[in-house]
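Subject: Structure handover

Hello,

Here is the structure for your files. My notes follow below it.

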Amino acid sequence: MANAYTVLWTHDTCRELRRAGRIGQRPPVAFSGVHNSLPRWSRPGVGDDVFALHVNRRVLYVVSRLRVRDKQRGECCGADPLSWRDPAFPGHADWAMLGADGCGASAVHVDATPVRFDLAVPGELLAELTWRNARGVIRGLKGVADGMLEKSNSLQGGVYWLTSESADALTALVAGAVSPADRAEPAVAGGLRA
């Protein structure tokens, strides 16, 4: 059985996604880093889902569900940079805001649902979401009050492993939010359908 994780996309990242007109588009790549300026995707493996989350005005949103295809630099990434001035992943310039220029960035190729900013996690689910660490210790979100997220500290800074119940709940939320037009689209090769 595949595992599921979450990653928090910052206001800057989401602002750039909007500015670049990426709403409704499927990201082909995300980026992992070696420094805390960019989340490290060391634990998710091929076939695992990573839910990209965003917090805005105390509401938690699922921006996209990303299924890991591989973690290798491919031809699609473009030429390796020859100097620090060269873009690290010129083949993915349209999605560079996801961390292409982060410290030690490496490509994580994904099959994803379309980027959106209107899929709020309901308050009752917010209070029930749980994550586990490598030792099996389970934790929930801190700072949930009246169905709103008072603090996002427990989501920041990494890629966190969801419990299977929480993964199922977020999967159902994403699946229930897919529009009929989205379902009618032909599947992308190896594509992900919510």
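Two strands count as paired if DSSP finds at least two bridges between them. Strands themselves are DSSP runs of E, at least two residues long, numbered from the N terminus. This is a predicted model: local features need pLDDT of at least 70, side-chain atom pairs count only at pLDDT 80 or more, and totals for chains, interfaces and linings use all residues. Residues are numbered from 1 along each chain as its sequence is written, and side-chain values use heavy atoms, with hydrogens and water left out.

Strand 4 and its partners

Strand 4 pairs with strand 5 (residues 106-112), antiparallel, over four bridges. There, leucine 66 stands opposite alanine 112. Strand 3 (residues 49-56) also runs antiparallel to strand 4, joined by eight bridges. In that pairing, phenylalanine 51 faces arginine 65. The hairpin of strands 3 and 4 has two residues between the strands, and arginine 57 takes a positive phi near 50° in it.

Strand 4 spans residues 59-70; nine of its twelve residues are buried, so it is largely enclosed by the rest of the structure. Buried means under 20% relative accessible area (1.4 Å probe, protein chains only).

Histidine 109

Histidine 109 lies in strand 5. Its relative accessible area is 2%, so histidine 109 is buried. What does its side chain reach at 3.2 Å? The backbone oxygen of glutamine 72. A polar contact (a pair of N or O atoms within 3.5 Å; within protein, one must be able to donate a hydrogen and the other to accept it, and residues adjacent in sequence count only if both atoms are side-chain atoms) also joins the side chains of histidine 109 and histidine 92, at 3.3 Å.

Best wishes

Terms used
Buried means under 20% relative accessible area, exposed over 50%, partly exposed in between (1.4 Å probe, protein chains only).
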